[in-house]
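Subject: Structure handover

Hello,

Here is the structure for you to look at. My notes on what turned up follow below.

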Amino acid sequence: MTTSPGWYLRRLSRMGPQEIGGRVGDTVRRRRWRSALPDCPRVTGARFTAVLPAGTVDAVPPDAAKRLTAEADRLLAGHAEYFGVERDDLTDPDWSYDPRTGRRAPSGYAFDVPYRSEDAVGDIKQIWELSRHHHLTVLAAAYAVTGDERYAERVAGHLRSWWAANPPLRGVHWISGIELGIRLLSWVWIRRLLDGWPGAAGLFEGNPVAIHQIWHHQRWLAAFPSRGSSANNHIIAETAGQAAAACAFDWFSESARWRDDALRSLDRQLRSNTFGSGLNRELASEYHGLVLELGLAAVAEADTAGVPVPATLRLVLLRMTDALAAVVDSRLRPPRQGDADDGHGLVVDGAGTDRWASLLATGDAVFGRLAWWPEVTGTDVRTPLLAALIRPGAPAVTRPADRPAHFADAGMTILRGPGEIWCRCDGGPHGFLSIAAHAHADALSVEVRHDGVDVLADPGTYCYHGQPEWRQYFRSTLGHNTLQLDDADQSVSGGPFLWTRHARSRVLTADTSEGGTARWCAEHDGYPGSVHRRRVELTAASRELRVVDEVRGPRRAVRLAFHLGPAITAELVGNRAELTWTRDGEDRSAELELPDRLCWRAHRGETDPPLGWYSAGFGRKEPTTTLVGTGFADGTAPSGEFTTVLRFRG
């Protein structure tokens, strides 16, 4: 997919004067750097002192260590999986190769590489992910836990290979600031975890090539920050990586300035990216996790270096942690809202480690858990490592006395019922900033789980680049559990990360009391001339969820979709669907009574156009059942109302 001139015009229309001026300056700087690469200063006497306190590794739980070493052994054998693609070439990888398309990204001046074109470059996510060096932090952690030098030697070999293949400003890995920021954070932890290996100093502070790379990464981040309408999770990764490297690799005359500027920017951008309730403003749960990981990692470096951290920065991380604890279901899964690309800030754990349990365990260790927090039973490697570096203690603020269920600023409401019924109702903003890059057209959608099993599911994300029909489907209105009018999305897309018109939603009722009947009502204006209003009621006694959709306005074609989770088997007869699934060896069931004024069909695994799919993770999709009702609404009750009832049994 090549970016069209029309996209550039639409993108420009979403920028303000200050952002445009900054981007013009960036363009001038890129041209200047093409012919005059900045010189890295000579460094002598560099030392690395940001080591783990003695005994830290001993606190790693045995089962977490076992998962870690199993993953590290798989990496030693050259095997890994990225976004649904299995790789067996990682003993000596080609850092510019995309295994999904078989293409190799061109070399040359970084800013000339057409990275958005899959035809020219390949799948850029596949290429970039390996070079975040998370696999090397896993290998380095395995060395720290076991003392086995094979892990350290593989790390050293890969770093030397990467540095040789990717000199400053050459090739695809010098294009995007988020990649440089996360890579710097990985390098800090690699050096820390390899401390004690005889070759560690010679690989980093005693290695002119490493020093050259570290300096140029930081110089790049200082010169090309994400700006204005792009100042989302990318700027968090950039500033977190810059702050971490400037604290741990404080070997340059610019280090103190880079560190202080990065911490100030991180504080400001974290506040900008986070609602007062603690939820991430992108309204994409995985980015909430990414930003929280990055923020905690940056604070760990500042605390280790004895550098003051703004109190507001810690406060935002505290609120994010409490918000995460509030919204997860009984199996510690957060909502599947907005985009998700499996992005991580710091990886030192093996496969099978629960990301969300790990974040909550770290929050407990750093801030202290509240009485209403869900119990965390899993273990991980990262928590004892971070907890050893971060100064413990919650900021002196009032935290929620009870589990929050309605987040008014984010428009998210969680209804809970018996049998671990969990229902997320979406009445919030379309997305963050003028482009709402990671938003989906999902206003008033619901997501329903029973004991952690997706019953009415958010289908996910699947892809970003190169497959426009799939990108469009997974972010469309039809791709969510909501109502569509006239075959159009509620918000207008201008490209894969750009929305040019945003539906506006408002919550009218949010009564989240448990034990009786919880109620929620909201409406949006995404369809000019019409208003879609939705009411949701969850009655504890009958274990019944009632959804009433009302359309006010002229007669319009309606499509109402309900996407079932991949574990659900559905038998549709007329307007009733019998739902069955298994959880922990027990058979479960529910009945879905659908509006009888619509004509209902079950769709599964269709491709032209896509319909009936679920993406458990980036790059992965599987067929699932989607129930779609079609008909008309003329805007007058009762013909403008559609009632759906989900009844759980047992």
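First, a definition: a nonpolar patch joins Val, Leu, Ile, Met, Phe, Trp or Tyr side chains within 5 Å, from residues with over 30% relative accessible area and no salt bridge. Keep in mind that this is a predicted model.

Surface. Leu12, Ile20, Val24 and Val28 make a nonpolar patch of about 310 Å². Helix 2 (residues 17-35) gives the largest share, 3 residues. Leu12 sits in helix 1 (residues 5-13). Its relative accessibility is 41%, so Leu12 counts as partly exposed.

Core. The largest nonpolar core holds 141 residues. Trp187 and Leu194 have the most contacts inside it. Beyond its neighbours within four places in sequence, Leu194 touches Ala140, Tyr143, Ala152, Val155, Ala200 and Leu203. There is also a second, separate core of 39 residues. Cys423, Leu538, Leu560 and Leu594 are among them.

Helix 8. This helix covers residues 177-193, 17 residues in total. From first to last C-alpha it reaches 24 Å, close to the 24 Å expected. Helix 8 is mostly covered, with 17 of its 17 residues buried.

Helix 7. Residues 149-165 form this helix. At 1.5 Å a residue, its 17 residues should span 24 Å, and the end C-alpha atoms are 24 Å apart, so the two agree. Its buried residues are Tyr151, Ala152, Arg154, Val155, Ala156, His158, Leu159, Trp162 and Trp163. They pack against helix 3 (62-76), helix 6 (134-146), helix 8, helix 9 (200-203) and helix 10 (208-223).

Best wishes

Key
Residues numbered from 1 in each chain as written. Predicted model: local features only at pLDDT ≥ 70, side-chain atom pairs only at ≥ 80, totals over all residues. Heavy atoms only, no water. Core = buried A, V, L, I, M, F, W, Y, C linked by side-chain atoms within 4.5 Å. Buried < 20%, exposed > 50% of the residue type's maximum accessible area, 1.4 Å probe, protein only. Contact = heavy atoms within 4.5 Å. Helix = DSSP H or I, 4+ residues; strand = E, 2+ residues; numbered from the N terminus. Expected span 1.5 Å × (residues − 1). Patch = residues over 30% accessible without salt bridge, like charges linked within 9 Å, V, L, I, M, F, W, Y side chains within 5 Å. Areas by Shrake-Rupley, 256 points an atom, 1.4 Å probe, with all protein chains shown as cover. Salt bridge = Lys/Arg side-chain N within 4 Å of Asp/Glu carboxyl O.
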